[in-house]
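Here is a short report on one chain. Look over the sequence and the structure first, then read on.

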Amino acid sequence: MTIQRTPLYTEHLKLKAQMVPFAGWEMPVSYSGIIAEHQACRQSAGLFDVSHMGEILVSGAQAEETLQYLCCNDLTKIKDGQAQYSAFLNPNGGVIDDLIIYRFNSTKFLLCVNASNAENDYQWMLTHNKYQAEILNLSNFYGQIAIQGPKAEAILIKLFPTASELKYFHFLETNWLDRPVLIARTGYTGEDGFEVYLQAEHTAKLWTELLELGGADITPCGLGARDTLRLEASYPLHGHELTPETPALSSGLAWIIKFNKPNFIGKDALVKYKESNYPRLTGLELLEPGIAREGTKVFNGAGVDIGHLTSGTKTPTLNKAIALGIIDAKESELGNEVFLDIRGRKVKAIVRKLPFYQKSPNQS
C-alpha cells in the first residue's frame with residue numbers, strides 16, 4: 001500500500017514534526033510534545049492538519065432520500081447551513097463509519113468521513129445507491145485544517161470575520177483570495193473551534209497564515225494530542241469504540257439512531273437489539289496506579305469478565321488515567337467499581353459520568 005501525504009507534509013517537516021504512518025497517510029503525531037499541544041488547545045488554540053479526512057458529495061433530486069436510507073440520523077431535523085453527526089451502519093447494526101454531513105439544501109450534501117474509510121465508504125454508497133443520487137468522491141480535491149480552543153475564534157476571524165456569526169454545528173461558504181472556502185463550527189477536541197475546507201493546493205498558505213496571525217496563542221498539534229483531547233471529551237473513535245462488529249447502540253451512538261425514520265440500513269437489527277439489556281459504552285477512572293489501553297479486559301468484583309476497554313490513557317487536563325469500555329449494562333451504573341487486567345495485575349476503577357471533560361460555560 002502506497003502511503004499518502006497531505007498538502008501540509010512539507011510544512012510539518014519545517015516544524016520538525018514527528019511523522020508516523022496513520023490510516024494510509026504519513027501524519028504528524030507531535031511537534032512540541034503531546035502534553036504541551038494538548039494543554040495549548042485547552043488553554044488557547046491548537047492547529048490540526050485533518051486533510052487526510054475524506055469528502056464525498058451527494059447531490060441530485062434524491063440526495064436527501066438517499067442519505068436518509070444510508071445514514072442512521074434524521075436529516076430532516078436540520079436546516080440548510082447546518083451540519084449533523086451521523087453514521088453508516090451495516091445490516092447487523094455495526095458501524096461502517098461515523099461522519100459529519102453538511103446540508104447545503106435538499107439536493108446537495110457534503111460528507112466528511114474517516115481517512116481510512118474514504119474509498120470504501122464511497123464504494124459502499126455506490127453499491128447501496130437505491131435512489132440514484134449523484135455521489136462523487138472529492139477527497140483529493142479538498143484540504144482541511146482544524147483550529148480549536150478558546151482563542152480559535154479570535155484568530156480565525158482575522159481572516160474570516162463572518163466566522164464569528166456561526167453557531168455550533170453550522171457552516172458557511174465564503175471566499176479567501178478568490179478561492180472557495182467552507183468554514184464549519186465543528187471539531188473533535190471538546191473545545192470551541194472550526195474546521196476549514198478548501199482546495200488542496202491552497203491549504204499550506206492558510207496553515208502558515210493562521211500560525212502567523214495566532215503567534216504565541218496558536219500551537220500546531222498532532223495526532224497524539226488529538227487522541228487525548230477526544231478521549232477527555234469522550235468522542236468515539238473509529239476502530240476503537242466504533243467497529244463493524246459492535247452494534248451502534250453499544251458504541252454510544254444511541255442518540256443519533258432515529259428509529260422513527262421509515263427505513264435505514266441496520267434498523268431492523270437494532271430494533272431487536274435494543275430490546276435486550278445490551279452492553280454499554282462506559283467511562284472509567286482508574287483508582288490505582290496504572291494506564292489501561294485498548295483491549296484490556298474488565299472484571300466485576302466476583303472476577304467475572306464483563307467487557308473490554310476500547311480506549312485508555314492518562315490525560316493532561318484531568319491528570320488521571322481514564323478509559324472508555326464496552327461492558328455489561330448492569331455493571332455500568334455510575335459509581336460502580338470494577339477491575340482492569342493490566343498485564344496480569346487487577347487494577348481498581350470506577351464508573352464515571354461522560355464526558356470526562358466539558359469546557360466551561362463561560363468559554364467562548
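The side chains of E153 and R185 form a salt bridge, 2.5 Å from N to O. A salt bridge here is a side-chain nitrogen of Lys or Arg within 4 Å of a carboxyl oxygen of Asp or Glu. E153 sits in helix 5, and R185 in the loop between strand 12 (179-184) and strand 13 (193-199), so the pair ties together parts 32 residues apart in sequence. R185 is buried, at 7% relative accessibility. Buried means under 20% relative accessible area, exposed over 50%, and partly exposed in between (1.4 Å probe, protein chains only).

This is a predicted model: local features need pLDDT of at least 70, side-chain atom pairs count only at pLDDT 80 or more, and totals for chains, interfaces and linings use all residues. Residues are numbered from 1 along each chain as its sequence is written, and side-chain values use heavy atoms, leaving out hydrogens and water.

## The surroundings of A163

R185 is also in contact with A163. Contact means heavy atoms within 4.5 Å. Leaving aside neighbours within four places in sequence, the other contacts of A163 include L156, I157 and F194. A163 lies in the loop between helix 5 (152-156) and strand 11 (171-176). Its relative accessibility is 0%, so A163 counts as buried.

## Other salt bridges

The count of salt bridges comes to 16. One of them joins D80 and R103, at 3.1 Å from N to O. D80 lies in the loop between helix 3 (63-70) and strand 6 (82-89), and R103 in strand 7 (residues 95-105), so the pair ties together parts 23 residues apart in sequence. D80 is partly exposed, at 47% relative accessible area. R103 is buried, at 9%.

K348 and E337 also meet in a salt bridge, 3.7 Å from N to O. K348 belongs to strand 20 (residues 345-352) and E337 to strand 19 (residues 337-342), 11 residues apart. Salt bridges that share partners join R42, E191 and E232 into one network.

## Helix 7

E232 is also one of the buried residues of helix 7. In this helix (residues 223-232), 9 of the 10 residues are buried, so it is largely enclosed by the rest of the structure. Just after helix 7, S234 takes a positive phi of about 65°.

## The whole chain

The chain has 8 helices and 20 strands. Helices (H or I, at least four residues) and strands (E, at least two) are DSSP runs, numbered from the N terminus. Buried residues make up 58% of the 364 residues.
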